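Please walk me through this structure in plain terms, starting with the charged side chains and ending with the core.

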Amino acid sequence: MPARLTDIKRALSSMGVSIEPPNGGSHYRASKEGKMYPIPAHNGERSEIADVYIRGVCRAFDLNYEEFKKRL
């Protein structure tokens, strides 16, 4: 189930992951403890992020996917 980038940013922040806007491109950068995961957001904060990227960010930062989805 896709989710808006604004919701993903809020959920990541509540789980201790910071997210930074792109530097001229379209990929936001989620980071925590030296790890980084790019999130494609071609429409900025209005972007709908596909479930494959949501699962990827959860794997990258060892977050529980079900818990993350509840926070969206």
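Arg55 and Asp51 both belong to helix 2, four residues apart, which is about one turn of the helix. Helices (H or I, at least four residues) and strands (E, at least two) are DSSP runs, numbered from the N terminus. This is a predicted model, in which local features need pLDDT of at least 70 and side-chain atom pairs count only at pLDDT 80 or more, while totals for chains, interfaces and linings use all residues. Residues are numbered from 1 along each chain as its sequence is written, and side-chain values use heavy atoms, with hydrogens and water left out.

Arg55 and Asp51 form a salt bridge, with the closest N and O atoms 3.1 Å apart; the term stands for a side-chain nitrogen of Lys or Arg within 4 Å of a carboxyl oxygen of Asp or Glu. Asp51 is buried, at a relative accessible area of 18%, whereas Arg55 is partly exposed at 39%. Here buried means under 20% relative accessible area, exposed over 50%, and partly exposed in between (1.4 Å probe, protein chains only). Salt bridges link Asp51, Arg55 and Lys69 in a network. Arg55 also has its charged end over the ring of Tyr65, 4.0 Å from the ring centre. A charge sits over a ring if NZ of Lys or CZ of Arg is within 6 Å of the ring centre and within 35 degrees of the ring normal.

The whole structure holds eight salt bridges. One of them joins the side chains of Glu48 and Arg4, at 3.4 Å from N to O. This pair links distant parts of the chain, since Glu48 is in strand 5 and Arg4 in strand 1, 44 residues apart. Glu48 is partly exposed at 48%, and Arg4 is partly exposed at 38%. Another salt bridge pairs Glu20 with Arg29, the closest N and O atoms being 3.2 Å apart.

Next come the loops and the backbone. Most residues other than glycine have a negative phi. Glu33, in the loop between strand 3 and strand 4, has a positive phi near 50 degrees, and this residue is exposed at 75%. Asp62, in the loop between helix 2 and helix 3, has a positive phi near 55 degrees and is exposed at 63%. Helix 1 is followed by Gly16, with a positive phi near 85 degrees.

What lies on the inside? Helix 1 has Leu5, Ile8, Ala11 and Leu12 buried. Seen down the axis, the buried residues of helix 1 fall within an arc of 125 degrees, so they line one face of the helix; the arc is that of the directions from the helix axis to the C-beta atoms. In helix 2, the buried residues are Asp51, Ile54, Gly56, Val57 and Cys58.

The largest nonpolar core has 21 residues, of which Leu12, Ile39, Leu63 and Phe68 touch the most other members. A nonpolar core is a set of buried Ala, Val, Leu, Ile, Met, Phe, Trp, Tyr and Cys residues joined through side-chain atoms within 4.5 Å. Helix 1 gives the most to this core, with four residues. Leaving out residues up to four places away in sequence, Leu12 touches Val17, Ile19, Ala30, Ile39, Val57, Leu63 and Phe68, where contact means heavy atoms within 4.5 Å.
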